[in-house]
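Please look over the sequence and the structure shown here before reading on. The briefing that follows takes up one topic at a time.

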Amino acid sequence: MAIFDTPKEAFGALRPICVRITKEQTVNNVQCLQSQLQKVGDAALQELQEYVLFPLRFSLKTPGLKQERFVQSVVECIHFIISRTCVRNQQQLCDLFSELSLCLSSPSNHGKLAIISEELKMAVVQGLIALLHSAYGDIVLSLYQPDMLPTQGFVISLLLDIAEHEKSRQLQVLALKCLLVLILQCDCPDTHCSFDNNGLLQVGNSFASFLPGITLGMTRIISGDVKQGHLVTTYAIKVWYKVVGLVMANDQVSKNHHDKKMLFAEESKLTELVICRKPEWVKNTASKLDVLLQKLCSCAAGNSHWKVRLELVELVYDLLSYCNKSLKQSIGHLLEVLVGLVGDERPEVQTRCSQVLKNVSELCVMCENKDFTDVLSENLHTLTTALPRLMRTLDDQSKLKSLGLLLGYLKLLGHKVSVVLNSTVHLGRLSKALMQILELDVTDVRIVEERHLNSEAEDLQHPTHPSSGWDHLKTWSKPAAQRKYFKFFIEECVFILLQQICRVLGYYGNLYLLVDHFMDLYQQSVVYRKQAAIVINELLLGAAGLDVDVLHERETPVSTNDLKATVTSIIEEYTSTANWHLVTSIESEYETGLNINQPKFLDFTRESHKSYLYSSQSLTVHTMNSNIWQICVQLEGIGYFAHVLNKEFRLLLMVSLYPVIEKVGAETLLVSQMATRTLVDLCQACGYDSLQELINQNSDYLVNTISLNLRSLTQHPHTPRVISVMFSYSDASLLPLVDDVVQDILLSLDHYYNEKAQLIFTVLHSLMSALAHWFPPKDPVQKKEKPQDKACRSGVTAEEIQCFFQEYQKQKHLAEGDIKDIDLDKTEGDIPDQLEPDISSDHPIVKKELPAHIQIAKDVMERCIHLLSDKSVKLRLKVLDVLELCVVVLQCNVNELLPMVHRLWSPLVQKLTSDDPLVILRAFKVLCKLADGSGDFLRSRVSKDILPKVTRYLVSQAPVSTKAGPIYSHTLSYKLQLAELQGLGKLCEKLDLGETDLDMVASTCLPYLSSRQPLKLQDAACSVFYHLNEVDPDATWLILNEVYCPDVYNPPHSSLPAIQLTGMGKQRNEFTDNVLRLLQEFE
Amino acid sequence: MALRPPDPKFVLRGTGASVNTLHFCCRDQEGCDPILFSGQGRDAAVCTWDLSEGRNAVIDYIPLDSYGFCQCSLMQKDVGHYLLASPGSTLSEVKILDLLKKTPVWILKPPADAKLGMPMCLKLWQPLSCSRPLLLVGYEDGSVTLWDPSEKKMLSRLACHNEPIMCLDFDPEKVKGISGSSEKVLSSWGLDEQQNLKLQKTVTLVNAGIADTCIRQDKKILATAGWDHQVRVFGWKKLKPLAILPYHTASVHCVSFSDHVVLSERFMAAGSKDQRISLWSLYNEP
């Protein structure tokens, strides 16, 4: 809305008011001028600039006290003018500069800040900023002429004073901004005139004089009260590094013109003020700045506002990029700050920080800056030296910080890491530090105690679902990794950081050197072994570039061949007997102890066995825990290595699969879980679809080792475990491959039936349960008939009774030989149908080759028969278990089963009649299984060989146990009674025994229903009756009612005779409770 | 105290039949793992196989005249020129064929009154001194004979066993051979300047029956395959027994040494009736 566009018009309008101001210096007049000025166009104002400014300047210059209000309005007016125009005259610029600054100083004490209102100060500072902005072109450089130095100094000191001591934050910030403008580093969005090097040099020269003052002031502000607000601190930091960055810039300092002095020689007084930036001056200043910098950084880094920390990052960036030569001694500190801030909580700071880190490291890489590397490696050295101490004393948060620093240094060093670590001192320090930090806490007893429930136990728990134990193994689920517990820190993130450190080392470092070094440590002492293994594992991950976060790519990645060679040697070391077969539990120690005792002559060839001897003497929970962890770490490592090599690892499966599987079968839960994880890792890395495929494809490796180890089982007591695991993870397609091994197992059983039968039977158990799982027996036909029995019992109608009696009549006639009215065709038609297949299968004379699993089951059964009468109860139990499984497998192949049963019979009868109660119980189980498959075959044998003996014993013992006291339950005869009673019922049911036998059993068990018998015997007797009830409910009902009958039965029709049961109307007696209980449950 | 015998380095399984003969094939010396192949054939024919570049295809099928226990013996005369010695159509007769042309070169018949029985094993070899190949034949009656095929003449005969000879091997450097039979004795014999076979030494074993014998290429040790399931190793110079290698669970049919360039990767293989081939690393330290 400019009205006066031409200078002439404007002059006319402005002239009166200007004149008025010269005469009459009032606020009103000035404000009037300002409002008039608003009507003047920019171009016109530029023309009239000097003219308009004159009265204002004049009024400022007139001596005497002036009203503050007036001065303020004048300054504002000047501000208004110069912000719209530009100053083209050097002299004018300098004059205005000094005149404005004079407004701030107290008239009495020149150089001190006047006690004036904040508004005035604000106006002046704003005026100054505007003035500096409006300077045309390089005119502004005139301010930095040596003759302006006093004025400059004066302004700067005033501004510093304001920035430091003013209460108003706005004013403080403004003053700081003004300082920024002064050093030509304004951060406002306006475009600025850019200056060539000479110009900057001039500014730099002039500010060299003020450097101490400014930096000191700024440092004071930064380290001042936190309450001053982040903006002030941020600007203070900015001023600090801009000033330092200007004065100490590499190119400024290096290009120092020594002829400057000559230039100002004539003005001797001023020359004293000019500072010549000679090397010694630079050195001195740098050392002083270093002190300030440290103070500043420690304050700012701990500032709670993230913008302050962000500004700090900028500071580091600026100084590192522009002053890295002059501020050599501070580089270390700056890097420390930078690296420390990488782990900042604010993502903004983090990202900027890593950006800066990247730039800086490029700077250090590109320029081949030797100083940088030196500083970094020195820092690294100091840090690693201090680390162990820090780790012991600090809290987790501070540990995180120092480790973050370490990681940062390594990342910054980049591929120089390998150069730095070529120095033994460095490597030694670093490795010692890592060894100390990574020390595991081995005090937890649980780890040693927790046991892996092996498949045997699982099967026992779920006898009805044999598949449940298997199916979960085939899925991909990896058991969760157990957290490692460390001695010196708790938080997981510390460990993650340590992992990163190791990986970065592996990424950049010389793999062979590092692995060799840590392998040395590994071999050196048990104390370092676990840590060294952890480090080696991570090193390789890093070397392969997996899960490693770095600033820049390395030049040459490690070749696959190198990786392969390294991995091969490491695996060899890990799986060597001394490092792999460690004592992890008391039992296994006992086991190995056995080995030593027996084949003594072998020990001369095997030193490892001697080490067992030594270790067993001082076996503590801690050592075992430590051993467990060592194995776990090594297992984890193998999993890592597989991922490092991917499919290339397939060849290494030859040496690694067997040891890993061996550990899958370990008793200690943790080891077994970890091994399973490793197995899944192997599977994924080598590109197999399932564990099953992994094992099947590599079974030749496994089978080879197994068969070799079986030949000397005493030295390889863990072999059976491998076989068990192999069976449990695989399926029937494995069978042809392991057929060979099975023969080996049986052979070694024949060789070592004394010492190793236990172990081998564990294997046989897993083999047979695998077979039973792979070849499930067809459902026996008998079971289907049962529901019918029950159905007819539930609701008896008159018709059904009629049917029953008619049928009964018919049968009776038939039995008496009266067969005339029977449909012969029908019965004849039925029978051949059932018989035919039997006959035809019996017929072939040439013996067919049996399926492998049948042959195996037969072979195993053969051994079982031999070992049924072994001395050890434990073994006999195992044998019986295996026997049961054999029977299951053979069930569908009666032709093979029956001859075996025939041979088995007499030892089994022995077990059933005169052995440990536990064995009897187990033998009964076997008998029941046998009854499943070959009931007819056994029926007469059981009733002839077993029932008489058993019942005789039970009958004779019944009075004894009735009278017995509480101690009786500890006697052998009690246990025997219990076992027999527990087995009898099931047997009767399975064999479908005849009436007489059932009667015998029932009458034998009746005395045990007495409430005077021990409770457990009562229960067992009840169970017998339950089973009897399944076979012949009516007879059972009758027998029970004969003992005690709670009800009275009235005949439904008067023509029928009244029912008389012996138990009717009896007094309550010792049998009442149990009989009632049974009858109730039968209902 | 005797050292425990080593375990086999590896066991190859899955042949599905008993292993009758083995041969290492290490022609592609560098970087190629030794290939081992085994063969069975009772169909009175010899097959030639193409094994280059990992192929395994039968190229040719040469019918033979006799059914017997005797294995043929192959010798390379010049490059691409192979001679094959095989038992002939009549008793005691030996035929030498040109493998490429498949035509008999020489037919060797012993004098009618010799009563040698069937030829049991053959060894065609090239003496160092002259260019003509010589043939060693072990006969059913327990004698070893030396033939000069080009003159169709039996040069020498040595009755060194009482039972049929099962195997023989010959070392042209030391001009010395070894033979095993179905009895317990292993005999070594030499050849003097007049081409006469002379018995040098006999070793009596614990169990009878040697199915195969093989002298290692470096002429330091020899191995025998025993019917007693064991492989025995002897020093070649003095026939000093060095080791008994128990592994197989059935009689061992054949032994063979590899001639891999890398000494430490040289193996001995033994094939057995139990359908396995065991690989052993023996006396490989320089």
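Predicted model: local features only at pLDDT ≥ 70, side-chain atom pairs only at ≥ 80, totals over all residues.

Helices and strands are here runs assigned by DSSP, a helix having at least four residues and a strand at least two, and they are numbered from the N terminus. By that assignment chain B has zero helices and 24 strands.

**Chain B as a whole**

- Chain B has 286 residues, and 48% of them count as buried.

**Two open sheets in chain B**

- One open sheet of chain B is made of four strands, which follow one another in the order β1-β24-β23-β22 with antiparallel pairing.
- The edges of this sheet are β1 (10–12) and β22 (252–257) of chain B, and because each has a single partner strand, one side of each is left without a neighbour in the sheet. From one strand to the next, the twist averages 20°.
- Within this sheet, β23 (residues 268–272) and β24 (residues 277–280) of chain B are paired in the antiparallel sense over four bridges, and B:Met268 is placed opposite B:Trp280 in β24(B).
- Another open sheet of four strands in chain B has the order β10-β11-β12-β13, and its pairing is antiparallel.
- Here β10 (119–125) and β13 (153–159) of chain B stand at the edges, each with a single partner strand, so that one side of each has no neighbour in the sheet. The twist in this sheet averages 20° from one strand to the next.
- Strands β11 (residues 134–139) and β12 (residues 143–148) of chain B run antiparallel and are joined by four bridges, with B:Gly138 standing opposite B:Val144 in β12(B).

**Two loop residues of chain B with positive phi**

- Most residues other than glycine have a negative phi, which is the background for the two residues described next.
- B:Gln195, a residue other than glycine, has a positive phi near 60°; B:Gln195 is placed in the loop between β16 (185–191) and β17 (197–204) of chain B, and its relative accessibility of 27% makes it count as partly exposed.
- B:His229 is not a glycine either, and its phi is positive at about 75°; B:His229 belongs to the loop between β19 (221–226) and β20 (230–235) of chain B, and with a relative accessible area of 31% it is partly exposed.

**Helix α28 of chain A**

- Helix α28 of chain A (residues 560–574) has 15 residues, which at 1.5 Å a residue should span 21 Å, and the 20 Å between its end C-alpha atoms agrees with this.
- The residues of α28(A) that are buried are A:Leu563, A:Thr566, A:Val567, A:Ile570, A:Ile571 and A:Tyr574. Viewed down the axis of α28(A), these buried residues fall within an arc of 130°, and therefore they line one face of the helix.
- An α-helix has 3.6 residues a turn, so residues three or four places apart point the same way.
- A:Asn561 and A:Glu572, on the other side of α28(A), are exposed.
- The cover over the buried residues of α28(A) includes α26 (511–524), α27 (526–543), α29 (577–580), α32 (621–645) and α33 (653–664) of chain A.

- A:Gln72 is part of helix α4 (residues 68–84) of chain A, and at 11% relative accessibility A:Gln72 counts as buried. Not counting residues up to four places away in sequence, A:Gln72 touches A:Glu119, A:Leu120 and A:Ala123.
- A:Thr1072 is part of helix α51 (residues 1072–1082) of chain A, and its relative accessibility of 0% means that A:Thr1072 counts as buried.
- Apart from neighbours within four places in sequence, A:Thr1072 is in contact with A:Tyr1044 and A:Gln1067. The C-alpha atoms of A:Thr1072 and A:Leu1040 are separated by 9.8 Å, while the two residues are 32 residues apart along the chain.

**The contact between chains A and B**

- Chain A contributes 14 residues to the contact and chain B contributes 11 residues.
- About 1200 Å² is buried between chain A and chain B, and 51% of it is on carbon and sulfur atoms. On the side of chain A, the residues that lose the most area to chain B are A:Asn704, A:Leu708 and A:Arg711, which together account for 43% of what that side buries.

Key. Residues numbered from 1 in each chain as written. Chains lettered and ligands numbered in written order. Heavy atoms only, no water. Pairing = 2+ DSSP bridges. Axes fitted to C-alpha atoms, helices over the stretch in contact; angles between N-to-C directions. Expected span 1.5 Å × (residues − 1). Buried < 20%, exposed > 50% of the residue type's maximum accessible area, 1.4 Å probe, protein only. Arc of directions from axis to C-beta. Contact = heavy atoms within 4.5 Å. Buried area = accessible area lost by both parts, 1.4 Å probe.
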